[in-house]
Amino acid sequence: MANDILLKIEGLRAGVEDKEILKGVDLVIRKGEIHAVMGPNGAGKSTLSAVLAGKPQFKILDGSIEFMGRDLLKMSPEERSWAGIFLSFQYPVEIPGVTITNFMKTAINSHRKGKGLEPLKAGDFLKLMREKMAFVQMKPEFAKREVNVGFSGGEKKRNEIFQMAMFDPNLAILDETDSGLDVDALRIVASGVNALHTPQKAAIVITHYQRLLDYIVPDVVHVLKDGRIVKTAGRELVAMIEEKGYDSL
Amino acid sequence: MTACSAMDVLNTITIGAGQSFHKVYLNWSDEQLPARFVVERDASLDIIVLSMPGEDCDRAVEIELAGEGASADISGAYICGGSENVRIAVDMRHSVPGCNSRQLFKGLAGGKSKIDFYGKITVAKDAQKTAAFQENHNILLSDYARVNTRPQLEIYADDVKCSHGATVGRLNEEELFYMRSRGISLEDAKVLQMVSFLSPVMEGIQEEKLREELACRLDEAVRDIVRGI
């Protein structure tokens with residue numbers, strides 16, 4: 001059914017400066033689906049996530065992206081966030097001088113403003129924060145820490161999933177969320193992502209390895225190589241890649 | 001403020017032995033800001049000088065650490081978005097042993113503003129066990145603004161800890177994108193980044209009410225600059 005479609009990418013070519021990285025990507029994601037995008041280093045996986053989130057440094061050369069019936073490429077990064085796109089960064093950015101509480105309060109109230117709602121009352125906001133921090137097993141004292149400053153790799157990724165829980169997005173894009181995580185942190189992050197998933201939402205899990213996909217089970221698996229999707233199949237593809245590597249494709 | 005810290009005819013404020021002096025000057029042309037401070041034994045000086053948009057200034061302040069155990073802390077923030085001409089010179093003189101000093105100046109240079117910061121630390125021959133630090137950081141917001149920063153150290157003693165650091169940078173694009181990807185508008189993201197950049201200076205204001213009041217003014221001033229970029 002056409003109205004089940006959340007995201008539709010057609011003939012997408014994109015790059016930075018003069019370098020073309022994505023050389024014609026087509027992808028359709030329906031509500032309720034989890035898609036894995038796998039591929040070797042340099043295939044364009046992170047470019048795809050950056051382009052979906054609207055990173056200004058990336059230039060669109062051709063093609064279109066439709067998100068919930070809207071032209072995504074005409075939307076600013078903040079408008080995409082308001083519309084329900086969330087990118088979990090491969091390398092979450094440190095913001096010195098801004099506490100997680102202040103950062104999230106500004107972000108949540110920007111979302112509400114985007115939807116024409118009043119700012120959240122201080123008490124309600126703090127309650128929501130406590131709830132979502134507990135959800136990813138983040139210690140309460142992190143609320144007062146500066147965003148990602150001095151965090152370990154695992155703490156940064158947990159902070160990403162905490163933010164995802166705060167926004168409860170329609171489309172979550174997890175860019176190499178498994179990198180830098182030990183098994184325990186991986187389980188916490190994966191169970192967080194799974195718990196937020198509903199038949200109305202979708203997720204794109206970008207990863208180099210099988211590991212994360214043992215915990216977040218994809219419905220569809222794509223292999224991205226040299227800027228193109230060279231193979232699409234069901235979850236059985238993951239095991240095949242693990243066994244034979246990307247070169248066999 | 002006590003009688004010992006009144007300004008004399010030589011435009012000097014002396015902080016007497018064991019006394020402490022904390023004051024926030026709302027602009028560099030404040031008549032109450034003297035040209036010279038003398039900090040005596042075990043006394044402490046802690047001043048903050050702000051410069052809001054539209055204010056020109058050309059001021060030199062000399063601080064002399066004249067008694068053992070004295071400390072001096074001077075910090076400042078300048079916010080320039082138009083055609084301001086801001087010249088600040090700090091002359092920190094460690095004349096005796098065992099004194100501490102810290103200088104922190106942070107500023108935004110937008111529009112066609114011109115910033116000139118000159119900071120000198122002099123450590124006299126006998127002033128062993130001196131600890132003196134100086135930092136000057138700037139964010140350049142326009143291609144027409146200019147920042148000139150000149151840190152200087154003159155050290156004649158050999159058992160000291162001294163450092164200085166000066167930077168001139170731009171707004172951090174990665175931070176801005178991260179904030180926008182969380183739904184924070186470009187304008188708010190820029191304001192948040194600039195305000196947090198200046199916050200180490202603002203946090204030094206001890207009186208809570210004044211700090212909050214000035215934080216509000218700062219927020220508005222920064223937002224006006226962002227809207228004008």
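In chain B, helices H2(B) and H3(B), the latter spanning residues 208-228, pack with their axes 9 Å apart and at an angle of about 140 degrees. That angle makes H2(B) oblique to H3(B). The model is predicted. Chain B also holds an open sheet of six strands, and chain B meets chain A in a contact that takes residues from both.

**Helix packing in chain B: H2 with H3**

- Two packed helices are described by the angle between their axes and the distance between the axes.
- H2(B) and H3(B) cross in the right-handed sense.
- H2(B) brings Glu187(B), Lys190(B), Val191(B), Met194(B), Val195(B), Leu198(B) and Met202(B) to this packing.
- H3(B) answers with Arg211(B), Leu214(B), Ala215(B), Leu218(B), Asp219(B), Val222(B), Arg223(B), Val226(B) and Arg227(B).
- Ten nonpolar and six charged residues make up the contact of H2(B) with H3(B), and no polar ones take part.

**Helix packing in chain B: H1 with H2**

- H1(B) and H2(B) cross at roughly 130 degrees, and their axes come within 9 Å.
- At that angle, H1(B) is oblique to H2(B).
- The crossing of H1(B) and H2(B) is right-handed.
- From H1(B), the contact uses Glu175(B), Leu176(B), Met179(B) and Arg180(B).
- From H2(B), the contact uses Leu186(B), Ala189(B), Lys190(B), Leu192(B) and Gln193(B).
- This contact of H1(B) with H2(B) counts five nonpolar, one polar and three charged residues.
- Lys190(B) is listed in the contact with H1(B), and Lys190(B) is also listed in the contact with H3(B).

**Where the chains meet**

- Chain A gives 21 residues to the contact, and chain B gives 16 residues.
- On the chain B side, H1 (173-181) and H2 (186-202) each supply at least two residues.
- That side of chain B has six nonpolar, five polar and five charged residues.

**The open sheet of chain B**

- Strands of a sheet pair through backbone hydrogen bonds, either parallel or antiparallel.
- In this sheet the pairing is parallel, and the strand order is S1-S3-S5-S7-S9-S11.
- S1 (12-15) and S11 (146-155) stand at the edges.
- Each edge strand has a single partner strand, so one side of each is left without a neighbour in the sheet.
- From one strand to the next, the twist averages 10 degrees.
- Inside this order, S5 (residues 57-65) and S7 (residues 85-94) of chain B pair in the parallel sense over nine bridges.
- Cys57(B) has Val86(B) in S7(B) as its bridge partner.

**A buried strand in chain A**

- Ile34(A), Ala36(A) and Met38(A) point one way from S3(A).
- His35(A) and Val37(A) point the other way, and these are buried too.
- S3(A) runs parallel to S10(A), residues 202-207, and five bridges join them.
- His35(A) has Ile204(A) as its bridge partner in S10(A).
- S3(A) also runs parallel to S11(A), residues 220-225, through four bridges.

**Positive phi in chain A**

- Gln137(A) is not a glycine, yet its phi is positive, near 55 degrees.
- Gln137(A) sits in the loop between helix H4 (122-135) and strand S8 (146-147) of chain A.
- Gln137(A) has 14 C-beta neighbours inside 10 Å, so it counts as partly exposed.
- Asn148(A), also not a glycine, has a positive phi of about 65 degrees.
- The loop that holds Asn148(A) lies between S8 and helix H5 (153-167) of chain A.
- Is Asn148(A) buried or exposed? Asn148(A) has 21 C-beta neighbours inside 10 Å, and because the cut-off for buried is 20 or more, Asn148(A) counts as buried.

**Ser20 of chain B**

- Ser20(B) belongs to strand S2 of chain B, residues 20-25.
- With 14 other C-beta atoms within 10 Å, Ser20(B) is partly exposed.
- Beyond its neighbours within four places in sequence, Ser20(B) is in contact with Ala43(B) and Ser44(B).
- Phe197(B) lies 177 residues from Ser20(B) along the chain, and their C-alpha atoms are separated by 28 Å.

Conventions
Residues are numbered from 1 along each chain as its sequence is written. Chains are lettered from A and ligands numbered from 1 in the order in which they are written. This is a predicted model: local features need pLDDT of at least 70, side-chain atom pairs count only at pLDDT 80 or more; totals for chains, interfaces and linings use all residues. Two residues are in contact if their C-beta atoms, placed from the backbone, lie within 7 Å. Ala, Val, Leu, Ile, Met, Phe, Trp, Tyr, Cys and Pro count as nonpolar, Asp, Glu, Lys and Arg as charged, and the others, Gly among them, as polar. Axes are lines fitted to C-alpha atoms, for helices over the stretch in contact, and angles run from 0 to 180 degrees between N-to-C directions. Angles under 35 degrees count as roughly parallel, over 145 as roughly antiparallel, 65 to 115 as roughly perpendicular and the rest as oblique. A crossing is left-handed if the near helix is turned anticlockwise from the far one by less than a right angle, and right-handed if clockwise. A residue is buried if 20 or more other C-beta atoms lie within 10 Å of its own, exposed if 12 or fewer, and partly exposed in between; C-beta atoms are placed from the backbone. Two strands pair if DSSP finds at least two bridges between them.
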